[in-house]
Amino acid sequence: MDNNIPNGNFNPNDAFKNIKEDFKKYKKGEVDAVVKPEKVGFKLLMSTIITIVVGGIFYYITLPVLNFKDFSLYKFILVILLVFFGSFALLCKANRMIERREYIKRKSIIPIIIVAIMAVVILVGYITGATIFRAGSYSKLMPVTNSDFETDFENISYDTVPRIDESRALTLADQQLGSLSEYKSQYVVSDDTTMINYKGRPVRVAYLEYADFFKWLNNTKDGLPAYMIIDLVTQKVNVVNCVDEFGKYIKYSPTELFNEKLVRHLRFQYPTEILDTSNFEIDEEGRPYWTTPVLDKTIGLFGGTDVKGVIITDALTGESKYHDISEVRSEEIEWIDAVYSEKLLLEQYNYYGKLSNGFWNSIIFQNDVNQVSAGNGYIAMDDDVWVYTGVTSSKADLSNFGFILCNQRTKETRYYQNGGAMETSAMDSAKDAVQNYGYSSTFPILLDIEGQPTYFMSLYGDSNTVKGYALVNLDDKTIVGTGLVDNLKSDVKSLNAAVENYIESLQDKGVIGNNVNIDDYLVDESDSDSDEETTEKAITVTGKVSSIKTSVNDGNTFYYLEIDGKYYYISVAKCMDVLLVNTGDTVTVTIEKESNNTFIEATKIER
């Protein structure tokens, strides 16, 4: 080979062998020396700074609870250890120098011990709180008292209970927001609403959210301008402008992104508290607040979740105050309604129903084992909100042998030994009675009509609006009474028709006597917000349609007809004739009252 050629003796196999030697992973005992890196103190300082920065960012984003009763603390500690020793190893070049790697391994004994201790704590905490060992403690989380149905339900009338559930309340709120031009393009209605007892009426309150990131960027400097109150009886929606009422915007909410984000705002104030989901509520003057239940683990280290207090946060100013659960149960701050979530209440009752006679009984013998049925409803009673659900056996029978009411503010739980059809079975009976219309029903609420436990529910169609009402007897689900809005052209008349048909069915079956005065159970139509009053207020506008726009809200198609610079809108579900309207047509639009808004809701459109 010519000696003038550079690297003429190059052997690729030798080069590859050298590379393998460089990256060889030495086994234990093959390293002759462990070399301490230079400037260890400086590297430790730099690792600490990196850990503080990364840990701070991780804490800001994930907001772990600094409480040994919450798993998020252990995850946070593990991340801190990994970041610190990972950065220290890189600064010591342990990834490139085997002797430094051995030094790092020997120094990692401390984090290994910490991780081992955490694993032991978690294991012991879990075992000491396991239901197999603590069944008695779990069964005593919720005290349950027997109560009398006729006594407690004597003053609950079907004309004051919720007629719509949360999904239909949201539909109404979305429709109302669509009519407000100053809010429509910037905000949407939050899917999270809270049912409260407001001035003696069952309502849901809903806050607004920014429509998207750019809308947040455009409006976050001020905050959210309003919230909505949906009356669950009259189905009317009231938009409360916080700027007009209180002179301030809602600055703290779940829809914010940085320090004004509610959970971050609370976590910085209460770093060691285990926080449940915050609820949007208003006091009797309508001022908006966030009520955040503070949880505690009462059995072992991680079991027996219960509420120990509530943080009340002014949504306008962000000022927060913690109240012990004993204060919340007093009359001092009785306006609060959502303290115990329905999920927690039903979970605690299931512990009571399943574990009262021991863990193994709940698995093998199942004597007197019971659980809540599928689904739940709400009743406004005694100026509080109560969760209602049936009680059935663990075998998921087709009938209930009782039901419970759980107070969402005090956790008071009442058991009623009134057995009969399950709620889902009663819903099927109601749907069968109007099967030609294809209506569905809301989850029923149990009421007392002439001493008879009776399921009350609303019927709704594809438009997600109330189309009628149904009553189904608890003991005999074939006893059904219905009334339809489309047939009677009035909400209150359809309600009265359902009651009248139901009582007549009870009489036909001989359940009650023929001397019962049906009029005692009917709503006074003259005192209600009936359609007759609406017709008296109705105003008609006639004009030429200059343009037509459409939008879809929650599956409902709305048509917006521009007449003389204003948009009159109506859903296709309410008025099929709007599909036949073309640009240039002259139409007559019926509205409830005059308005200066650009967007005005119509009740009827005729060509």
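Trainee: Which residues in α3 meet which residues in α5?

Mentor: This is a predicted model. In it, Phe71, Tyr74, Ile77, Leu78, Leu81 and Phe85 of α3 meet Pro111, Ile114, Val115, Met118, Val121 and Ile122 of α5. The residues of that contact divide into 12 nonpolar, no polar and no charged.

Trainee: How are two packed helices described?

Mentor: By the angle between their axes and the distance between the axes. Here the axes of α3 (residues 71–91) and α5 come within 11 Å and cross at roughly 170°. An angle over 145 degrees counts as roughly antiparallel, and α3 and α5 are therefore roughly antiparallel to each other.

Trainee: What angle do α6 and α14 pack at?

Mentor: Helix α6 (residues 131–139) and helix α14 (residues 342–355) pack at about 110°, and their axes are 9 Å apart. That makes α6 roughly perpendicular to α14. On the α6 side, Thr131, Ala135, Tyr138 and Ser139 take part; they meet Tyr351, Tyr352 and Leu355 in α14. This contact of α6 with α14 divides into 5 nonpolar residues, 2 polar and no charged.

Trainee: What span should helix α5 have, from its number of residues?

Mentor: The rule is 1.5 Å a residue. For α5 (residues 109–128), with 20 residues, the span should be 28 Å; the end C-alpha atoms are 28 Å apart, which agrees.

Trainee: Which residues of α5 are buried, and which are exposed on the other side?

Mentor: Buried means under 20% relative accessible area, and exposed means over 50%. In α5, Pro111, Met118 and Gly125 are buried. They cover an arc of only 55° around the axis, which puts them on the same side of α5. Ile112 and Leu123 are exposed on the other side of α5.

Trainee: Which residues of α6 are buried, and what do they pack against?

Mentor: The buried residues of α6 are Ala135, Tyr138 and Ser139. Seen down the axis of α6, they fall within an arc of 90°, so they line one face of the helix. They pack against β8 (288–299), β9 (303–314), α14 and α15 (359–365). Ala135, Tyr138 and Ser139 are also among the α6 residues that meet α14.

Trainee: How far apart are tyrosine 559 and tyrosine 569, in sequence and in space?

Mentor: They are 10 residues apart in sequence and 5.4 Å apart in space, C-alpha to C-alpha. Tyrosine 559 is in strand β25 (residues 556–563) and, at 18% relative accessibility, counts as buried. Beyond four places in sequence, tyrosine 559 is in contact with Ile548, Lys549, Thr550, Tyr568, Tyr569, Ile570, Val572, Val578 and Leu579.

Trainee: What does serine 494 touch?

Mentor: Not counting residues up to four places away in sequence, serine 494 touches Tyr469, Gly483, Leu484, Val485 and Leu488. Serine 494 is in helix α18 (residues 491–508) and is buried, with a relative accessible area of 0%.

Trainee: Next, backbone angles. What is the phi of aspartate 383, and what is that of lysine 411?

Mentor: Aspartate 383 has a positive phi of about 65° although it is not a glycine. For lysine 411, phi is near 70°, again a positive value in a residue other than glycine. Aspartate 383 sits in the loop between β12 (377–381) and β13 (384–393); lysine 411 lies in the loop between β15 (402–407) and β16 (413–416).

Trainee: Is lysine 411 buried or exposed?

Mentor: Lysine 411 is buried, with a relative accessible area of 6%. Aspartate 383 is partly exposed, at 35%.

Terms used: Residues numbered from 1 in each chain as written. Predicted model: local features only at pLDDT ≥ 70, side-chain atom pairs only at ≥ 80, totals over all residues. Heavy atoms only, no water. Axes fitted to C-alpha atoms, helices over the stretch in contact; angles between N-to-C directions. Helix = DSSP H or I, 4+ residues; strand = E, 2+ residues; numbered from the N terminus. Parallel < 35°, antiparallel > 145°, perpendicular 65-115°, else oblique. Contact = heavy atoms within 4.5 Å. Nonpolar A, V, L, I, M, F, W, Y, C, P; charged D, E, K, R; others polar. Expected span 1.5 Å × (residues − 1). Buried < 20%, exposed > 50% of the residue type's maximum accessible area, 1.4 Å probe, protein only. Arc of directions from axis to C-beta.
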